[in-house]
Amino acid sequence: MTGKDVAHLEAAREAVPPGTRVNVAFLGTETQELRLAAVREAARLGFVPVPHLSARRLRSRAELAEFLAALREAGATERVFVVGGDPAVPRGPYPDTLSVLRSGLLQEYGVRHVGVSGYPEGHPAIDGPVLWSAIEEKAAVLREQGLAGSVITQFGFDIEPVLTWVEELRSRGVDLPVRVGVPGPAGVRRLLSYATRFGVGTGAGIARKYGFSLTNLMGTAGPDRFVQDLAEGYDPVRHGDLGLHFYTFGGLAATADWVAARA
């Protein structure tokens with residue numbers, strides 16, 4: 001969710017089990033207070049807020065400390081998700097996730113679990129070898145600092161690169177739990193817009209396999225086939241601890257209803 005989704009979370013609460021982890025994005029268009037309001041509301045409704053920290057958007061060590069202090073006051077520092085962020089030039093001393101992990105501030109303010117990003121189909125602005133080196137180093141730093149961790153992957157429409165990537169991750173000695181990014185039900189045009197933005201493959205064959213057509217942009221697509229194929233391809237020996245993380249591109253209620261109908 002974003003800071004603007006408070007009312008939508010309230011509307012979807014009946015379909016979301018208490019204790020569900022709800023990630024709260026760190027958007028450049030929102031203020032810290034708006035983010036904190038979303039965190040507090042998620043906690044009030046009985047969910048577990050997972051605030052995002054966008055490294056390259058943080059202007060100073062003091063700003064990071066101030067945000068963590070506010071999260072601690074709200075009882076929401078046990079779990080955070082740290083991402084590099086979109087700005088081409090860092091606005092402060094944190095150019096990437098690793099620099100935030102090494103700041104020492106997370107533990108100081110009560111963080112116990114850190115989520116980090118994974119990119120099965122690569123990143124449009126970061127080379128593959130750099131991505132692999134970074135996730136290996138993140139896992140090592142989390143281990144050294146005694147922090148629990150997990151990986152949330154970028155969403156996609158094809159399970160093959162996901163499962164191949166997870167196998168490669170395990171072969172490199174990274175045993176963090178992986179939550180595969182899954183788009184909740186949404187309009188095809190919206191899905192394709194996000195896919196273009198994040199470098200996600202949307203060829204005709206991939207689209208057809210997922211369940212939509214590139215010639216019908218007015219339709220809606222859900223992740224039914226993707227989740228079914230992922231379950232069928234999953235091997236606990238090769239893939240380890242694997243779960244799902246839903247991106248609510250079509251709205252919190254639509255995603256919550258989809259999950260609840262299949263629980």
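**Notes on the predicted model**

1. The backbone oxygen of G240 lies 2.7 Å from a polar atom of the Y234 side chain, a polar contact (N or O atoms within 3.5 Å; within protein, one must be able to donate a hydrogen and the other to accept it, and residues adjacent in sequence count only if both atoms are side-chain atoms). Y234 itself is placed in the loop between α10 and α11 (236–239); helices (H or I, at least four residues) and strands (E, at least two) are DSSP runs numbered from the N terminus. Its relative accessible area of 32% makes Y234 partly exposed, where buried means under 20%, exposed over 50% and partly exposed in between (1.4 Å probe, protein chains only). Neighbours within four places in sequence aside, Y234 is in contact with H239, G240 and L242, contact meaning heavy atoms within 4.5 Å.

2. Residues are numbered from 1 along each chain as its sequence is written, and side-chain values use heavy atoms, with hydrogens and water left out.

3. Helix α10 spans residues 224–233, and its residues F226, V227 and L230 are buried. They lie on the same side of α10, because they cover an arc of only 95° around the axis; the arc is that of the directions from the helix axis to the C-beta atoms. The packing partners of the buried residues of α10 are α7 (159–171), β6 (178–183), α9 (204–210), β9 (242–247) and α12 (252–262).

4. F226 also belongs to the largest nonpolar core: of its 73 residues, L68, L106, V114 and F226 touch the most other members. Such a core is a set of buried Ala, Val, Leu, Ile, Met, Phe, Trp, Tyr and Cys residues joined through side-chain atoms within 4.5 Å. Beyond its neighbours within four places in sequence, V114 is in contact with residues including V80, V82, L101, L106 and L142. A second, separate core has six residues, among them V50, V83, Y119 and I152.

5. H52 is found in strand β2 (residues 48–54) and is buried, at a relative accessible area of 15%. Its side chain makes a polar contact of 3.0 Å with that of N23. Residues up to four places away in sequence not counted, H52 touches N23, V24, A25, F26, F67 and F81.

6. A25 is in the loop between β1 (21–24) and α2 (32–44), and is buried with a relative accessible area of 16%. Apart from residues up to four places away in sequence, A25 touches M1, T2, R35 and H52. The C-alpha atoms of A25 and V166 are separated by 24 Å, the two residues being 141 residues apart along the chain.

7. S103, in the loop between α4 (97–101) and α5 (105–108), counts as buried at 13% relative accessibility. A polar atom of the S103 side chain lies 2.7 Å from the backbone oxygen of V100. With neighbours within four places in sequence set aside, S103 is in contact with R61, L64 and Y94.

Terms used: This is a predicted model: local features need pLDDT of at least 70, side-chain atom pairs count only at pLDDT 80 or more; totals for chains, interfaces and linings use all residues.
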